[in-house]
Amino acid sequence: MEYVSTRDKSRKVSAAYAIANGIAPDGGLYCPTSFPALTAEDWHALANLDYKGRSALILGKFLTDFSAEELADYAAKAYADDKFGGKDTAPVVPLADGKHLLELWHGPTCAFKDMALQMLPHLLTASLRKTGETRTACILVATSGDTGKAALDGFHDVEGTKIMVYYPVDGVSPMQKLQMVTQEGKNVEVVAIRGNFDDAQSAVKRIFTDETVREGLDKDGMMLSSANSINWGRLAPQIAYYVSAYCDMVKSGAVKMGDKINICVPTGNFGNILAAYIAGKMGLPVNKFICASNRNNVLTDFFKKGGTYDKNRDFYTTTSPSMDILISSNLERLLFFASDYDDKLVADLMDQLAKGGSYQVAADVFAKIEADFDAGCCDDSAAAQTIKELWENEHYLCDTHTAVAVRVYEDYRARTGDTTPAVIASTASPFKFCRSVIEALGGTLEKDDVSQLGVLTGLTGVPAPAPLAALAGKTPRFDRVVDKADILSTVGLLKDL
């Protein structure tokens, strides 16, 4: 399996090279040159494997320069029972009306990003060895809340790496911020920026394509890499949990092997739902991919308005901050796939986005996208109502992002009459967004954010996850705040780690 850039497919690289470097020199995203098919034999094997085995099998289809033994070892370490609360790494919880919540938040930072970022350190360090790279990998991460902590947890004190995370100072939940600024490790740095996630993400991409920065780091024995979903090594592990969910639904009798499902995902950067789409391309039987957005509904408009993408709009800070994004990086990969790998078309669209903030996809390309996708959006009040209704009607406690997806799916079902069984990605523990969940349930807030954990437990009887409860009394290590225009200057901090 070879990989090419979405903006220049003339140069092919290995999976290890793509993972080690994170992003192509032209600013494009690495993609596999084909989609490996899951055979009947594969499906039989997957049905009888645990999550670790399923992950290794799926990754083996894409990472052909890794041995089966290597991937099995990495999966065993990444998804160890003590990290994910037991053997059921990504459980599927059935609810009413054909809804099945795929819980992706049982890892060490209580968000779905753990599903990839516990695996990525193994893939990245192995990729460095496979490519003969001797420089230290400097991992730059822009986060809207969850990726930052998950990356910090995955990479802290990993030999041969340094990691710096940028987050919008007023754009994450108090719990997300506390998780990041108290992170332990000798090789970590956390920087808040005066701006939003898009500002941070755009700045990180500029750093990657800045030759002066690259040359300076090279002289100091360092290279740039990424733990955002622009890195194929971050995206590939996410494919497995959709396949795993389907296998679990077959085992439970919710569907028969070969029956189609719908998949609804709350997403801002489009990586999580793109992983589901790739699973579909491998043979996962999917009827419709439903893209759920919050008030920052740039993706909903893209799907509903004939392929017009326009980030020139107001940006809103919402109760689902991990989706507060107007530049959805992984949509670039979807455009590449849907246009039959037309790198010139994608490069032109991304140039239009960079210069004018918008683009229009050609009708023939959008027709392919529209055949697979639907979309909807949900504001904070509707999300809060959904949290309350799910708790009162089904005794299920969910976070704000999951609530957005549930509401969008229910709207889709009512609008279309489509009763296909649905997998809805549940992306974070409700305890990561205590204030919003408590308010939705009509509870009384405490001043101290860690104390909110006890309030939510008192309201519901649901215990707080141990990693979040352990934050009580921790002293913040990082308090640096910079203007978005000054992010480039912070790269020098890497030398001191």
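Predicted model: local features only at pLDDT ≥ 70, side-chain atom pairs only at ≥ 80, totals over all residues.
Before the first entry, one definition: axes here are lines fitted to C-alpha atoms, for helices over the stretch in contact, and angles run from 0 to 180 degrees between N-to-C directions.

**Entry: two helices**

I looked up how α4 and α6 pack. Helix α4 covers residues 68-78 and helix α6 covers residues 120-130; their angle is about 145°, and the axes are 10 Å apart. Then I checked who touches whom. On the α4 side I found E70, L71, Y74, K77 and A78, and they meet H122, L123, A126, R129 and K130 of α6. Sorting the residues of this contact gave me five nonpolar, one polar and four charged.

**Entry: the sheet**

Next I followed the strands. I got an open sheet of six, in the order β4-β5-β15-β10-β11-β14, with mixed pairing. Which strands sit at the edges? They are β4 (92-94) and β14 (373-377), each of which pairs on one side only. Neighbouring strands are turned against each other by 25° on average, direction ignored.

How many bridges join β10 to β11? I noted six, and the two strands run parallel. One bridge I looked up pairs I261 with V286 in β11. Between these strands the chain passes through helix α12 (residues 271-282), and this β-α-β crossover is right-handed.

With β15, β10 pairs in the parallel sense over three bridges. There, C264 has I424 as its bridge partner.

I then moved along to β11 (residues 286-293), which pairs with β14 in the parallel sense over five bridges. Here I290 has D374 of β14 as its bridge partner.

**Entry: nonpolar cores**

The largest nonpolar core has 111 residues, and the members that touch the most others are L63, Y242, I263, F270, F302, Y359 and I369. Which helix gives this core its largest share? It is α11 (residues 232-252), with twelve residues.

Leaving out its neighbours within four places in sequence, I listed its contacts as G307, T308, Y309, L331, L335, Y359, V361, F366 and I369. I also found a second, separate core of 40 residues; A292, C378, A403 and V437 are among them.

S322 is in the loop between β12 (308-310) and α14 (331-338). Is S322 buried or exposed? It counts as buried because its relative accessible area is 12%, and the cut-off for buried is under 20%. Beyond its neighbours within four places in sequence, S322 is in contact with S144, G145, D146, Q176, H401 and F433.

K219 was my last stop, in helix α10 (residues 211-219). Why does K219 count as exposed? Its relative accessibility is 75%, and exposed means over 50%. I also checked K219 against L494: the two are 275 residues apart in sequence and 13 Å apart in space, C-alpha to C-alpha.

How values were computed. Residues numbered from 1 in each chain as written. Heavy atoms only, no water. Helix = DSSP H or I, 4+ residues; strand = E, 2+ residues; numbered from the N terminus. Contact = heavy atoms within 4.5 Å. Nonpolar A, V, L, I, M, F, W, Y, C, P; charged D, E, K, R; others polar. Pairing = 2+ DSSP bridges. Buried < 20%, exposed > 50% of the residue type's maximum accessible area, 1.4 Å probe, protein only. Core = buried A, V, L, I, M, F, W, Y, C linked by side-chain atoms within 4.5 Å. Right-handed = clockwise from strand over helix to strand, strands pointing away.
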